[in-house]
Amino acid sequence: LSPVPVAPASPNVTGVGSVTATLSGAKLTIAGTFEGLASPATLGKLHRAPKGIRGPAVFDLIVTPGTSGKISAVLDLTPAQIEDLGRERFYVQLHSEKAPDGNLWGWLLVQETKR
């Protein structure tokens, strides 16, 4: 996860994080961490959109309310959402008190399984 691009750059949009997502059948498990926010995290969402473009929120995520913490969720996906996941059309966005329009974001990217 990296800071959400804002114009002009905001000193309230800071921090870093990482998220992993595992799909088992139709169940998507999300787990991650974040740190270095300028203000406490308020909520996390899973959004749907092509890479680099903002899109609508489709799921709520569980977020530790602090300047560092954890992000998690266990979500039931539809077949269409599973297809979108494979096309890398979902991203995690973390919001904070001083950056209510988004603080950190990152796309869920497909990682090939090694044999």
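Where is the place of Glu 88? In this predicted model, Glu 88 is placed in the loop between helix H1 (79-86) and S7, and its backbone has a phi near 60°, a positive value in a residue other than glycine. Most residues other than glycine have a negative phi. The relative accessibility of Glu 88 is 17%, and because buried means under 20% relative accessible area, this residue counts as buried.

The side chain of Glu 88 also takes part in a salt bridge with Lys 51, in which the closest N and O atoms are 2.8 Å apart. Since Lys 51 belongs to the loop between S4 and S5 whereas Glu 88 belongs to the loop between H1 and S7, the pair ties together parts that are 37 residues apart in sequence. In contrast to the buried Glu 88, Lys 51 is partly exposed, with a relative accessible area of 48%.

The count of salt bridges in the model comes to 6. Side chains of opposite charge can pair when their charged atoms come close.

Attention now turns to the nonpolar interior. In soluble globular proteins, nonpolar side chains tend to be buried together. The largest nonpolar core of the model holds 20 residues, of which Leu 28, Phe 34, Leu 46, Leu 61 and Leu 75 touch the most other members. Two or more residues are given to this core by each of strand S3 (27-35), strand S4 (41-48), strand S5 (57-63), strand S6 (69-76) and strand S7 (90-96). Apart from this core lies another, of 5 residues, which include Val 4, Ala 49, Tyr 91 and Trp 107. When neighbours within four places in sequence are left aside, the residues in contact with Leu 28 include Ala 21, Leu 23, Leu 46, Leu 75, Leu 85 and Leu 108.

Terms used. Residues numbered from 1 in each chain as written. Predicted model: local features only at pLDDT ≥ 70, side-chain atom pairs only at ≥ 80, totals over all residues. Heavy atoms only, no water. Core = buried A, V, L, I, M, F, W, Y, C linked by side-chain atoms within 4.5 Å. Buried < 20%, exposed > 50% of the residue type's maximum accessible area, 1.4 Å probe, protein only. Helix = DSSP H or I, 4+ residues; strand = E, 2+ residues; numbered from the N terminus. Contact = heavy atoms within 4.5 Å. Salt bridge = Lys/Arg side-chain N within 4 Å of Asp/Glu carboxyl O.
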